[in-house]
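Subject: Handover of a structure and the findings from it

Dear colleague,

Please find the structure below, together with its sequence. My notes on what was found in it follow directly after.

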Amino acid sequence: MSTDPRSRAWVEVRAPAIRRNLQTVRDRVGGDAALIPMVKANAYGLGVERAVEVLEPVGPWGYGVATAEEGRKLREIGVSRPVLVFSPLPPGEYGIVVRERLIPCLSELGAVQRLRQAAEEVGVSVSFHVEVDTGMGRAGFDWRGASSWAERVRELSGGQLAWTGLFTHFHSADEMGGATVVGQWERFQEAVRNVGAPAADFMLHACNSAAALRLPEVAAGGVRPGIFLYGGVAGQDLPDPEPVVSVRARVVLVKDVEVGATVGYGATHRAAGARRWATVAIGYGDGLPRALGNRGTALVRGQEVPIVGRISMDMTVVDITGVEGVETGEVVTFIGTDGGAAIRLERVAELASTINYEILTGLTPRLPRIWSDDHGY
Ligand SMILES: *Cc1c(COP(=O)(O)O)cnc(C)c1O
């Protein structure tokens with residue numbers, strides 16, 4: 001087995017860029033807002049252990065994950081800061097949350113009861129945050145009924161349960177203008193007032209990356225940036241992050257073909273003349289979107305070349321006619337920079353009719369993640 005992680009195909013992650021992107025968010029919202037970097041889904045596919053290592057020196061208040069298991073993993077790698085679990089929990093996962101001292105985000109009274117029961121069973125104290133649904137619709141107590149549900153939540157907590165936070169989530173902060181953000185923020189403010197306790201008793205937070213960058217004045221007590229940290233553009237007309245991720249792979253075969261030669265399943269591409277094709281060792285089994293077949297491009301020796309034919313599970317063919325000197329072993333870039341040329345994550349997402357988040361989280365474990373500092377690997 002080869003010991004070089006860059007022998008076939010890999011993901012490069014520029015660690016200091018993640019830290020600087022978090023600093024950009026902090027500069028934007030001011031030093032008072034607690035930073036809760038989102039590291040769910042294995043830090044958006046990049047590797048949670050290294051991500052935490054890189055983010056720690058910035059001194060975040062805590063971290064955000066989606067699942068109890070992701071929270072448990074953070075404890076395993078030594079994170080002692082608060083860890084918020086954002087998705088509503090399946091009934092069987094309250095025990096892990098309690099044992100690992102995670103902070104679940106609750107959306108209904110039944111969840112408060114289940115948490116209370118788990119805390120009593122394990123015999124420890126836990127705190128929780130309450131989500132307020134201001135239009136996202138997937139989780140949270142309805143913003144309108146705050147005075148009644150808050151009273152019930154308060155009755156159920158106390159003792160081993162401490163209610164320590166209130167938050168909401170914006171559905172369209174990535175879109176221009178931010179009108180819906182303001183509308184949801186007003187609903188949230190109304191709910192906070194109707195909850196009836198002094199707001200100072202709670203940590204308040206609302207902003208994902210896009211909201212923090214677009215309307216830093218709604219940062220409240222904390223912000224929850226994700227995509228921007230990992231080099232994804234957070235929304236229309238928002239500042240660019242520093243790029244973080246490159247996806248690269250090796251040429252494993254170079255061949256000269258004649259007019260009419262076909263390539264890939266379905267023979268969907270036919271050489272219009274004499275061409276040189278390179279087979280590259282990456283495919284949709286690595287997370288390169290199959291939708292890039294006959295549409296996407298790659299960088300070879302600083303030049304942009306077309307992907308020809310359908311992408312296979314393990315191989316992709318590019319037309320390198322006119323690029324001098326390409327041999328087996330040459331590095332091909334599918335996302336990221338090569339010389340002066342660049343293929344942006346957002347461009348790949350657009351060609352694949354999806355969003356940058358899905359491209360990052362879709363990169364499969366077959367690609368080693370190679371983390372670098374500013375000086376190389
Ligand atoms: C994923 C998530 C975030 C981060 O969103 P980005 O758009 O990646 O910045 C923030 N808050 C919640 C509740 C989330 O689920």
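Is Leu46 buried or exposed? Leu46 is buried, with a relative accessible area of 1%; buried means under 20% relative accessible area, exposed means over 50%, and partly exposed lies in between (1.4 Å probe, protein chains only). This residue is found in the loop between helix 2 (40-44) and helix 3 (48-55). Helices (H or I, at least four residues) and strands (E, at least two) are DSSP runs, numbered from the N terminus. The C-alpha atoms of Leu46 and Val11 are separated by 8.2 Å, while the two residues are 35 residues apart along the chain.

Before you read further, please note that this is a predicted model, in which local features need pLDDT of at least 70 and side-chain atom pairs count only at pLDDT 80 or more, whereas totals for chains, interfaces and linings use all residues. Residues are numbered from 1 along each chain as its sequence is written, and side-chain values use heavy atoms, with hydrogens and water left out.

Salt bridges

Side chains of opposite charge can pair when their charged atoms come close. A salt bridge is a side-chain nitrogen of Lys or Arg within 4 Å of a carboxyl oxygen of Asp or Glu. How many salt bridges does a search of the whole structure find? The search finds 20.

One of them joins the side chains of Glu242 and Arg14, at 3.4 Å from N to O. Glu242 lies in the loop between strand 10 (222-223) and strand 11 (245-257) and Arg14 lies in strand 1 (residues 9-14), so this pair ties together parts that are 228 residues apart in sequence. Glu242 counts as partly exposed at 25% relative accessibility, and Arg14 counts as partly exposed at 28%.

Another salt bridge is formed by the side chains of Arg276 and Asp256, at 2.7 Å from N to O. The pair links distant parts of the chain, with Arg276 in strand 14 (residues 275-280) and Asp256 in strand 11, 20 residues apart. Arg276 is partly exposed, with a relative accessible area of 31%, whereas Asp256 counts as exposed at 54%.

Asp319 forms a salt bridge with Arg275, and the closest N and O atoms of this pair are 3.1 Å apart. Asp319 lies in strand 17 (residues 316-319) and Arg275 in strand 14, so the pair ties together parts that are 44 residues apart in sequence. Asp319 counts as buried at 9% relative accessibility, whereas Arg275 is partly exposed at 29%.

Salt bridges can also be linked to one another. Arg8, Asp286, Asp314 and Arg366 form a network of this kind.

The ligand

Which residues are closest to the ligand? They are Lys40, Tyr44, Ser209, Ile227 and Tyr357, out of 13 residues that surround it (a residue counts if one of its heavy atoms lies within 4 Å).

A polar side-chain atom of Lys40 lies 2.7 Å from an oxygen atom of the ligand. An N or O atom in the side chain of His169 is 3.5 Å from a nitrogen atom of the ligand, and an N or O atom in the side chain of Arg224 is 2.8 Å from a nitrogen atom of the ligand. Taken alone, the ligand exposes 390 Å², and the protein buries 92% of that (Shrake-Rupley method, 1.4 Å probe).

Backbone angles

Most residues other than glycine have a negative phi. Tyr44 is found in helix 2 and counts as buried at 6% relative accessibility. Asp237 lies in the loop between strand 10 and strand 11 and is exposed, with a relative accessible area of 66%.

A further residue

His269 is found in strand 13 (residues 269-270) and is partly exposed, with a relative accessible area of 21%. The C-alpha atoms of His269 and Ala43 are separated by 37 Å, and these residues are 226 residues apart along the chain.

Yours sincerely,

A colleague

How values were computed:
Polar contact = N/O pair within 3.5 Å; in protein donor to acceptor, adjacent residues only side chain to side chain.
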